Every structure is written in structure tokens, then in C-alpha cells.
Amino acid sequence: MESTKNTDFPLTKIIATLGPASSDTEIILNLIKQGVRIFRLNFSHGTFEDYEKLLKNVRNAEKQSGEHIALLGDLSGPKIRVGKVKEGGINLQNGQEIRFIKKDIIAGGKNHENIFSSTFPQFIDEVKKGERILLNDGNIELKCLGRSGKGDNVELICEVINGGLITTAKGVNLPDSDLSVPSMTKKDFKCAKFAVEKDFDYLALSFVRTGEDVKMLKTELTRLGARPNKKIDTKGDLGFTEDSVSLKNYIPIISKIEKPQAIDNLEDIINETDGIMVARGDLGVEMDIAEVAVLQKKIIHMCQEHGRPVIVATQMLESMINSPVPTRAEVSDIANAIFDGVDSVMLSGETAIGKYPDKAVQMMKRVSLKTNAFIKEHNLQSTTRLKPLFMDRNAVVADGVRTIVEGIHPKFLIIWTNLGGNAVNLAQQKTTIPIIAFNANRKRLRQLSLLYSIKPVFMKQPKSGSAFIKSIDKILIDKRWAKKGDAVIIVSPDPIKKISVANRIVIHYLGESADD
């Protein structure tokens, strides 16, 4: 009997951003078949009516696919943008002087030549002389010369250092300034409410600067009934605890690292959040672009030390927005993130607005399969282990399983997880062995789809440990995932209905007796 190929058990997961190029059920279903396990809905674009349609289409495609598909809502955060600019834009020249004012105007219009507004006029009061102002993803650089006027009539005077074309709604980055802008906008609060009501699986928080920013979203989700009321120390289990399992709409938080302040407060943020996204777009604008690769490795390493799932995002296959074939550098970029041991890699514009969303996913999957096979063959998996400070008994069990894997090289790791946290701990070992995680909670199974090496499978609560093993034998052999005699490592609670602990490890050969 031939076993299923490794393409059925992806290790590094793929996140695809929804958009005009990937909005129909048929297209979404095709992307799932190509390897997507998480869809990102970017709240920066569209209306709630648009979000409803996308959500419905994802769930319809999920049902048709037979897979468990997670939905990640990405809150916009306090992104500052240039206000309205005349049609065709304004070409800024090096050495030119321009001004930002607090009133809503059309830049380049009558009496407003080289005068601009913004979506966050308060920044005019907070940027200091000599600080940089970057526009359009850093392609245009200004230097603050000072302010003139008072109150609502104050103007920020800037010199153009690197010019270029500026048009409506281009991004404004302030890498040298420490703004007092809150981490969540009015729209973010509305989107968080929508995410809870519509049963999203994750929420990403943009422009995080400190752990306090994460606490703000936690507080709001608690108010909405999507986080436990009692204070729980965030650990490397995505918050899958006894307190959260009773919440129908529990939502873990993914903090996006894209600000210099976030790098300064990285450990504080990691300690407070459930997971991390390395958001290289704004990070590469706000910091020296030459540092981005180094910072990516630093963030991933610290996440692994703390047991936090980590995603790498932005421009991974950027050229495939318009081309059916990526650059060699992009392929190497994906492989490098996988070598570092990330849980997921993410596509943004490639699947949201690109001409070839299916080819982009196919390419990412091909790179993932080749890279993970090389890692396994040459025993190159990440050697970073959880710091002893963050070890609890479930983390210790997972660490022990990693040692057993190195000794017997099983076909699969199998886990029955009542809450889901034990599966998270096991995934963070990055063993290159697929983990089949069984659970009776479909939402939890969707959430586990984000994690490295996990294949979530629904199963009703087993009556006993031996009954679970017998079920595993039947499922793996019937589905042709494995054959009799193949070794698997089974991790489960003892007794099997016990909550919050996985204290039983069994080395099992398919087909042998499973009597207790």
C-alpha cells in the first residue's frame, strides 16, 4: 500500500491575503488545494459588506476542501497617510520646502501649492526639528526644519531630501519620532467587534510599540467576550487554557513588528502577545533597510526562546504580482525564513491583487517542500530551545518528545489535545516530523492550522487511551497515510479526558496491540 506523499502534510504553513484577485469561492478553494491554510483579511481596505462576502466565501471553500482553514483579521492600526492631493500628484524636488497643516485641503490646489494635509494632523505637534519624515514607503524623504504658527494654524516646515511623486493617501512614516498616537483607532475597535461576531480565528495588531499596546487589544477582546476575564500569564500555548476553551470566540493576538520602538521593546511585546509577525514592509521603511534581515533573525530567535509562533511577511514573492515567475532572490528569501524555523510565510499583494495568485502559492509551496526536505535530510532544523524560565510541564514533555524523535525517526507525531496548548508546544520543537493533532473543537483545529507541521484532524472525544490508539491505527491505514509497522509517537493526557496536561508518551508501531 502506497503512503500519502509529503505534500499532504505541509510543515511551513502558507498565509494568503484576500483581495480582488482572490475573492471568489472557486479561487479560494483552488488556493487551499495549492497549499494555503490561513487567509488574511486586511481591514485597511474595503467595507464591512466586503468583509462579510469574503468571510462567507472562505467558509464555503473550507467546507468543500475538507481542510481546517484559519482566518486572520489584520487591524489597520494608526497608519498615517497623506491627505488629498490634486489629480496627477505633485513632484517634489530635492531642496524644496513644503509644509504640512492641520486643515483638510487638496494639496496643489488653489492657495495650497506644496502644502499638504494628513490623516493624523496631531503629528505636526510632535515631530521635532531634524527628524525625518518618509513618504510613499520611504521613497521620498523629508527633514523637519521646524514649526510656525500656533494651535490649529500651526504648520510643519520640511525640506525635501529625496524627492519624487506624491499622490493621495501615500503612507507617512516617522522613524525618528515617538508619537502619542494610540495603538488602536476607532475603526480598529469596530473591526475587532466584527471579528468576534464573525468568529475569526486570529487578530493581528499593527504598529505595536510596547506590551501595553497588546494589552489594549486584550482588554477590548475581554470586553467582547473573546478573552478570559481573569489575568492569565501569556505562554507559548497561544492562550489555549481551561479559561479560554469555554469561550466560543476566543481569539489569539498576533503582534506585528514594524516599528523601531517595537525592536527596543521586543521582549516586552513577546511576553505579552500570543504570536509575532515580522512585518518587513514598514520595518524596512522605518529602520535601516540593511538591518532588516538581521532583525528578522533576531525576532525569530527570540520567539523560539519564548515558545511563540512566528510569521514572516511582506514582499516574499513581490515580483509575482505581475510576473508568473519569481526572482531567484525571492525564492532564497522564502527558503531563508524556513531555515530559520518560522511557523508560516505570508503572501500579501501576490494573492490580493496579483495576476497570478495560484502560481504564487504553488511557488511558495514548492520552495517550502524542497527546503524542508533538505533540512530533514541534513538534520538542519532549528537548534534554538525554549528558555528554562518559560518551561512548564507540557513544554518539558514536548522537549522530551523531540529527543525521542531524534532516536527513532517516526512517521508521525500524534497528539490528542483537549485544549490545543499541548499541540502548540509540540509544534514549537520544529522536528520536521508531521504532527497530526486530534481534537473535538473545530475552531481550535482551525487555529492550529497556523502552526509549523500540524495537520489538524477532527475526532470525537476518545473513551480511553487504548481506544485512541486503535482509532489512530484505523485512520492512518485507511487514509493511506501510513502502513502497518510504521512507527508513530503518541502524546496524550492520562487519563485521556484530563484537561491541560499531556503526560503520556507512547512509541507505537501501527498494527500492534493497543490494550492498556
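Which residue in S9 is the bridge partner of Arg132? I looked it up, and the partner of Arg132 in S9 is Lys143.

**Before going on**

I am working from a predicted model, where local features need pLDDT of at least 70, side-chain atom pairs count only at pLDDT 80 or more, and totals for chains, interfaces and linings use all residues. Residues are numbered from 1 along each chain as its sequence is written, and side-chain values use heavy atoms, with hydrogens and water left out.

**Entry: the whole chain**

I found 17 helices and 22 strands in the protein chain; helices (H or I, at least four residues) and strands (E, at least two) are DSSP runs, numbered from the N terminus. The radius of gyration is 24 Å, close to the 24 Å that the globule rule gives for 516 residues, so the chain is as compact as a globular protein of that length. For the record, that radius is taken over C-alpha atoms, and the rule is 2.2 Å times the number of residues to the power 0.38. I also noted that the C-alpha trace spans about 85 × 50 × 40 Å along its principal axes.

**Entry: hairpins**

I went back to S8 (residues 132–135) and S9 (residues 140–148), which pair in the antiparallel sense over 4 bridges. Two strands count as paired if DSSP finds at least two bridges between them. S8 and S9 form a hairpin with 4 residues between them, and Asn136 in the turn has a positive phi of about 55°.

S9 also pairs with S10, again antiparallel, over 7 bridges. I saw Arg147 opposite Leu156 in S10. The hairpin of S9 and S10 has 6 residues between the strands, and there Gly149 takes a positive phi near 85°.

S10 (residues 155–162) pairs with S6 (residues 97–101) as well, antiparallel over 5 bridges. Here Arg99 has Ile157 as its bridge partner in S10. S6 is joined to S7 (residues 115–116) by 2 bridges, and those two strands run parallel. I found Phe100 opposite Phe116 in S7.

**Entry: the barrel**

Next I traced a closed barrel of 8 strands with parallel pairing, running S1-S2-S3-S13-S14-S15-S16-S17. Neighbouring strands in this sheet are turned by 25° against each other on average, direction ignored. Angles elsewhere in these notes run from 0 to 180 degrees between N-to-C directions, and axes are lines fitted to C-alpha atoms, for helices over the stretch in contact.

Gly73 stands opposite Leu203 in S13. Helix H5 (residues 211–223) lies across S13 and S14 (253–257), running at about 155° to S14.

**Entry: the open sheet**

Then I turned to an open sheet of 5 strands in the order S20-S19-S18-S21-S22, with mixed pairing. S20 (454–458) and S22 (504–509) stand at the edges with a single partner strand each, so one side of each has no neighbour in the sheet. The twist averages 25° from one strand to the next.

I noted 4 bridges between S18 (residues 412–416) and S19 (residues 435–439), which run parallel. Leu413 stands opposite Ile435 in S19. Helix H14 (residues 393–408) packs on the sheet, touching S18, S21 (487–492) and S22, and its direction makes about 170° with that of S21. Contact here means heavy atoms within 4.5 Å. Helix H17 (residues 465–478) lies across S18, S19, S21 and S22, at about 135° to S18.

**Entry: two helices against H13**

The axes of H11 (residues 328–339) and H13 (residues 357–377) come within 9 Å and cross at roughly 45°. That makes H11 oblique to H13; angles under 35 degrees count as roughly parallel, over 145 as roughly antiparallel, 65 to 115 as roughly perpendicular and the rest as oblique.

The axes of H1 (residues 25–34) and H13 also come within 9 Å, and they cross at roughly 15°. H1 and H13 are therefore roughly parallel to each other. Among the residues making this contact I listed Asn30 and Leu31 of H1, and Pro357 and Asp358 of H13.
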